[in-house]
Amino acid sequence: MVQRGAKATLVDVIGEADARGLDATASAGKAPRTDRGRRTLRAILDAAAEEFGEKGFHEGSISGITRRAGVALGTFYTYFDSKDAIFRALVRDMSEQVRDRVAPALRNAPDQIAAERAGLSSFLDFVRGHKEIYRIIDEAEFVDPASFRDHYATTAERIEQRLKAAAGRGEVRADVSDVHAWAIMGMNVFLGLRYGVWDEDRTPDAVADTVADMLRDGLVPR
């Protein structure tokens with residue numbers, strides 16, 4: 001995440017594409033027009049993650065968010081219409097943060113099994129620093145079911161696309177489908193819960209190595 005008060009502009013730090021994604025989290029017609037505005041929006045989203053992560057949606061408050069972000073109440077409404085609106089934005093933002101954290105590891109891997117291994121390791125690292133993501137995403141099922149479903153559907157679609165691309169390169173079996181994608185995603189979600197949120201008794205690399213071996217060789221004795 002961009003640190004609050006950083007001198008570099010948001011575009012310098014995370015790139016133009018990521019800045020546009022951040023703009024899209026604001027309520028309709030309220031996207032920031034300047035780098036300063038984007039930094040403020042980033043601070044509000046980060047504060048919302050802390051507020052909802054600690055207190056949950058119903059106990060969390062706009063005043064709690066602005067207090068954590070160090071901004072005036074009116075500044076909140078410059079970017080968001082309501083508590084519901086920022087919660088929806090936060091689910092999308094956290095989903096995109098996971099994507100952006102994992103993407104470089106996927107790109108740099110020599111083959112698809114190595115990519116899945118590197119992606120899982122990066123995801124576990126992210127979760128350990130953002131444990132609140134599980135509470136926020138889980139609450140989304142009841143607070144905003146559409147965002148909850150979109151989070152997982154979009155993630156599974158990305159996995160399916162890369163599996164099919166790998167199948168075309170001959171790196172994985174030719175009949176990979178959405179079922180394989182959802183299975184990998186579900187596995188990663190619960191591995192993140194166990195080895196990222198509940199306990200850190202194994203390193204991300206150790207967990208990812210075990211999963212990569214299973215994806216490569218299955219569970220049948222060799």
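# Salt bridges and buried side chains in a helical model

Colleague: What is the relative accessible area of Arg-117, to start with?
Modeller: Arg-117 has a relative accessible area of 23%, which makes it partly exposed; buried here means under 20% relative accessible area, exposed means over 50%, and partly exposed lies in between, with a 1.4 Å probe and protein chains only. This is a predicted model, in which local features need pLDDT of at least 70 and side-chain atom pairs count only at pLDDT 80 or more, while totals for chains, interfaces and linings use all residues. Residues are numbered from 1 along each chain as its sequence is written, and side-chain values use heavy atoms, with hydrogens and water left out.

Colleague: And which side chain does Arg-117 meet in a salt bridge?
Modeller: Arg-117 pairs with Asp-205, at 3.2 Å from N to O, where a salt bridge is a side-chain nitrogen of Lys or Arg within 4 Å of a carboxyl oxygen of Asp or Glu. Because Arg-117 sits in helix H7 (residues 112-129) and Asp-205 in helix H11 (residues 204-217), the pair ties together parts that are 88 residues apart in sequence. Asp-205 is partly exposed as well, at 40% relative accessibility.

Colleague: How many salt bridges in total, and which residues form a network?
Modeller: The structure holds 19 salt bridges, and Glu-50, Glu-51, Glu-54, Lys-55 and Arg-68 are linked in a network of them. Another pair is Arg-194 with Asp-201, at 3.0 Å from N to O; Arg-194 is partly exposed at 28% relative accessibility, and Asp-201 is partly exposed at 46%.

Colleague: Then Asp-46 and Arg-42: buried or exposed?
Modeller: Asp-46 is buried at 7% relative accessibility, and Arg-42 is buried at 9%. The two form a salt bridge whose closest N and O atoms are 3.0 Å apart, and because they are four residues apart in helix H3 (residues 35-59), about one helical turn separates them.

Colleague: What about Lys-83, how far is its nearest side chain of opposite charge?
Modeller: Lys-83 is buried yet has no salt bridge, and the nearest side chain of opposite charge, that of Asp-84, is 6.7 Å away; Lys and Arg count as positive and Asp and Glu as negative, with His and the chain ends not counted.

Colleague: Which backbone oxygen lies 2.9 Å from a polar atom of the Lys-83 side chain?
Modeller: That oxygen belongs to Gly-60. Lys-83 is placed in helix H6 (residues 83-108), and beyond its neighbours within four places in sequence, its contacts are Phe-52, Phe-57, His-58, Gly-60, Ser-61 and Ile-62.

Colleague: Last one, what is the mean pLDDT?
Modeller: The mean pLDDT of the protein chain is 90, and 90% of its residues reach 70 or more, pLDDT being the predictor's confidence in each residue, from 0 to 100. Over residues 1-17, however, the pLDDT is below 50, although this stretch has 28 contacts in the model beyond near neighbours in sequence. Where pLDDT is low, the predicted coordinates should not be read in detail.

Methods
Helices (H or I, at least four residues) and strands (E, at least two) are DSSP runs, numbered from the N terminus. A polar contact is a pair of N or O atoms within 3.5 Å; within protein, one must be able to donate a hydrogen and the other to accept it, and residues adjacent in sequence count only if both atoms are side-chain atoms. Contact means heavy atoms within 4.5 Å.
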